[in-house]
Amino acid sequence: MTIRVNGEPLEIDGPVSITALLAHLRIDPRRVAVEHNLTVVKRPLYDATSVSEGDEIEIVNFVGGGTSRAMGYGRWALGAEATVVQSGKS
Amino acid sequence: MPNAQSLKMHSDPLVIAGRSFASRLIVGTGKYASHAVMADAHRASGADMVTVAVRRVNLTDRTQESLLDYIDQERMFILPNTAGCYTADDAVRTARLAREVGLSNWVKLEVIGDERTLFPDNIALLEATRTLVRDGFIVLPYTNDDPVICKKLEDAGAAAVMPLGAPIGSGLGIQNVNNIRIIRDQSRVPVIVDAGVGTASDAAVAMELGADGVLMNTAIALAQDPVTMAAAMKLAVEAGRLAWKAGRIPRRAYGSASSPLDGMIVAGAGAGRPGV
């Protein structure tokens with residue numbers, strides 16, 4: 001099946017749980033947060049949450065940032081609006 | 001009169017939403033040349049609260065070091081921010097993800113309204129504040145230096161208000177001294193001046209106006225020597241706080257002699273002045 005993870009298409013045998021998806025991507029679940037089709041998934045529900053064809057997943061973590069933009073990480077910003085941010089001057 | 005030693009020992013914590021912070025300086029994590037320099041600067045700053053941004057995990061390069069490895073979480077409280085969000089919905093979504101990382105239900109709420117100035121969108125900010133307060137967040141909104149919006153944010157349940165001193169990253173210092181003073185006078189929640197500080201004296205000015213704290217990132221991170229600047233900011237915030245508590249003298253247009261006029265070896269006021 002094809003899903004989208006952080007805006008990029010990903011081919012993976014499915015359906016998979018969030019736990020399995022994170023393991024597949026070699027991401028430590030303790031330092032990230034996950035959104036499944038625009039809904040935040042609580043960590044205890046990672047096993048029970050099933051990701052299927054066409055689903056949208058966001059996986060985020062904390063990066064350097066003070067006020068307004070996270071320098072050097074702009075292209076990983078959430079959402080379309082964030083693209084505007086990185087084009088601005090610092 | 002307290003002596004210097006007792007002032008040092010006297011605890012004067014910044015209290016937000018019932019939580020005490022020993023330092024009134026809040027620092028950022030962006031723009032540093034390296035994570036190691038950032039960690040050194042954080043130590044020198046004495047700060048015990050640090051703000052971090054929320055971004056997508058880099059899926060193609062899993063070797064990147066984690067920012068959290070360079071933050072001493074024994075000492076530092078993590079304040080996630082919604083930097084880069086331009087709508088209330090995006091800010092709320094980002095805040096909810098940040099909370100789910102599991103380190104904090106606090107959020108430095110930013111909803112930017114203009115790309116060039118990075119001024120906040122106050123209408124969207126107020127809306128997002130209401131939503132997140134209802135959702136159980138401790139909300140610290142980054143706002144314009146406008147007393148009316150600060151009042152509305154406080155009424156909406158903000159745990160502190162964070163008026164800007166000047167545009168983010170501008171280093172211009174406190175542009176509207178009078179507004180910051182008015183915001184302090186009217187607010188029942190802590191007032192944190194967020195953004196605009198360029199150097200130590202700017203931080204001292206903010207504190208002398210009665211701000212409860214100062215949040216800064218660029219002024220330290222992009223200084224030629226970030227660690228030394230962090231130490232300077234620590235002293236400036238402390239000095240400004242003490243000056244505020246001490247109560248400054250009124251400004252006056254003319255001189256006022258510090259030495260007694262009695263017992264002068266020449267007679268009378270103005271003696272010896274030419275033309276008198």
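Start with the largest nonpolar core, which has 42 residues. A nonpolar core here is a set of buried Ala, Val, Leu, Ile, Met, Phe, Trp, Tyr and Cys residues joined through side-chain atoms within 4.5 Å; buried means under 20% relative accessible area, exposed over 50%, and partly exposed in between, with a 1.4 Å probe and protein chains only. Select F62(A), I71(B), M216(B), I220(B) and M233(B), the residues with the most contacts inside this core. Before moving on: this is a predicted model, in which local features need pLDDT of at least 70 and side-chain atom pairs count only at pLDDT 80 or more, while totals for chains, interfaces and linings use all residues. Residues are numbered from 1 along each chain as its sequence is written, chains are lettered from A and ligands numbered from 1 in the order in which they are written, and side-chain values use heavy atoms, leaving out hydrogens and water.

Now center on I71(B). Skipping neighbours within four places in sequence, I71(B) is in contact (heavy atoms within 4.5 Å) with T29(B), M38(B), V50(B), V52(B), M76(B) and I78(B).

Next, jump to chain A and pick strand β4, residues 33-36. Strands, like helices, are DSSP runs numbered from the N terminus (E, at least two residues, for strands; H or I, at least four, for helices). Both faces of β4(A) are covered: A33(A) and E35(A) on one side, V34(A) and H36(A) on the other, are all buried. Two strands pair if DSSP finds at least two bridges between them. β4(A) pairs antiparallel with β7(A), residues 56-64, over four bridges, and three bridges join it, again antiparallel, to β5(A), residues 39-41. Click E35(A): its bridge partner in β7(A) is E58(A), and in β5(A) it is V40(A). The β4(A)-β5(A) hairpin has two residues between the strands, and N37(A) takes a positive phi near 45 degrees there.

Last stop, chain B: three strands form an open sheet in the order β6-β7-β8, with parallel pairing. Its edge strands, β6 (106-109) and β8 (162-163), each pair on one side only. Four bridges join β6(B) to β7(B), residues 138-143; select K108(B) and you'll find its bridge partner L140(B) in β7(B).
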